[in-house]
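This report takes up a pocket, a helix and a loop residue in turn. The sequence and the structure are shown first.

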Amino acid sequence: REKDIIENISLNSIKLSKKFSKIFQNIDYVILFGDRIDLIPIMLNCVIYNKKIIHFGGGEETKGSIDNKIRKIISSVSNFHFVSANKYKNNLIKFGISKKNIFVVGTLSVEKKMKFNQKSLFLKNIKNKNLVSLTYHPTILKNSITEINQIKIILNALEKFKEKIFVIINSPGYEKNSEKIIKFLEKWTIGKKNYRFCRSLGISNYTNLIKKSKFIIGNSSSGVIMAPFFNIPSINIGNRQEGRLLHNTVINCELNESKIIFEIKKILENKKKIKKVKFLLGDGNAAKKSMKILNRILSKQ
């Protein structure tokens with residue numbers, strides 16, 4: 001039940017907060033990545049025990065997601081901020097954060113070494129099909145379409161091309177109503193030869209999936225961050241990622257079956273190679289740049 005899932009998220013946050021409190025006495029700095037709800041108990045302990053927070057991923061906007069609120073809460077209590085673009089730096093400055101504590105390093109979601117070819121055993125049996133990656137997180141829409149009916153609209157559109165595509169469906173993140181979608185997808189994919197549902201691929205397999213896909217579809221951040229890095233087109237459905245920097249490879253689309261079909265058809269029928277776009281979120285060296293700055297910060301303390 002939906003009520004049970006919400007209660008579980010709340011109870012897990014309380015349990016985690018208690019567990020983390022036991023280790024915080026011997027910690028000086030805490031690094032937080034991103035904007036997921038799992039970070040809240042860690043952040044609370046940082047505030048209670050007066051520990052300094054180094055946050056990666058602040059200043060971004062995802063107006064159609066609860067992550068947006070969590071990200072801003074974390075930004076408000078963080079001491080140092082590592083962001084992926086100047087636009088996000090400016091957002092933090094407008095939020096009242098001193099620019100001297102904000103460092104533009106690029107996104108940690110991608111690294112140059114990701115572009116190297118790697119073997120993908122989980123993709124080895126897929127032949128003569130256009131590979132597609134689908135990730136759709138639960139979203140509350142104004143027109144009251146349930147999460148299951150939302151994903152059905154996308155699946156119905158993909159079914160029109162089932163002879164041409166093989167779809168890897170990825171599990172949504174841990175949030176309200178995600179378990180509903182997972183259970184539905186597990187049942188829906190049974191017996192369907194052109195679909196595979198994966199609860200967790202791991203970063204290596206997921207990166208290879210993005211690299212080898214004909215296109216990405218859904219409302220995940222990977223469609224607007226990872227896909228452009230590899231010059232892969234993505235169909236971004238709905239407003240979950242509204243506010244993020246968007247590349248030319250990203251196609252914004254309403255949650256409408258006929259419009260989704262139209263966009264898929266354009267991608268599949270386009271025989272021209274997609275022009276290489278300038279990546280807006282760094283040069284793939286964010287980790288190296290971040291380490292240099294972190295060493296400088298820590299050496300002054």
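## The largest pocket

A pocket, in the sense used here, is an open set of points on a 1 Å grid over the protein atoms alone, where a 1.4 Å probe fits and protein lies on both sides within 12 Å along at least five of seven lines. In this model, which is predicted, the largest pocket holds about 1200 Å³ of space. Its lining is made up of 47 residues, and those closest to the centre of the pocket are Arg 36, Ser 109, Ser 220, Ser 221 and Ser 222.

Sorted by class, the lining of the largest pocket comprises 19 nonpolar, 20 polar and eight charged residues. At least two lining residues come from each of α3 (67-77), β3 (80-83) and α7 (202-212), and α7 supplies the largest share, with three residues.

## Helix α9 and its buried side

Helix α9, which spans residues 257-269, has 13 residues and reaches 18 Å from its first C-alpha to its last, close to the 18 Å expected at 1.5 Å a residue. Within α9, the residues Ile 260, Glu 263, Ile 264, Ile 267 and Leu 268 are buried. An α-helix has 3.6 residues a turn, so residues three or four places apart point the same way. The elements that cover the buried residues of α9 include β5 (130-135), α5 (147-159), β6, β8 (215-218), β9 (234-237) and β10 (250-253).

Once its neighbours within four places in sequence are left aside, Glu 263 is in contact with Ile 235, Ile 251 and Cys 253. Glu 263 and Ser 234 are 29 residues apart in sequence, while their C-alpha atoms are 9.7 Å apart in space.

## Ser 171 in a loop

Ser 171 sits in the loop that runs between β6 (165-170) and α6 (178-188). With a relative accessibility of 16%, Ser 171 also falls under the 20% cut-off, and it therefore counts as buried. Which residues is Ser 171 in contact with, leaving aside its neighbours within four places in sequence? They are Thr 135, Ile 182, Phe 197, Cys 198 and Arg 199.

Notes. Residues numbered from 1 in each chain as written. Predicted model: local features only at pLDDT ≥ 70, side-chain atom pairs only at ≥ 80, totals over all residues. Heavy atoms only, no water. Helix = DSSP H or I, 4+ residues; strand = E, 2+ residues; numbered from the N terminus. Buried < 20%, exposed > 50% of the residue type's maximum accessible area, 1.4 Å probe, protein only. Contact = heavy atoms within 4.5 Å. 1 Å grid on protein atoms, 1.4 Å probe; cavity = no way out; pocket = protein on both sides within 12 Å on 5 of 7 lines; lining within 4 Å. Points joined across faces, edges and corners; volume = space filled by probe spheres on them. Nonpolar A, V, L, I, M, F, W, Y, C, P; charged D, E, K, R; others polar. Expected span 1.5 Å × (residues − 1).
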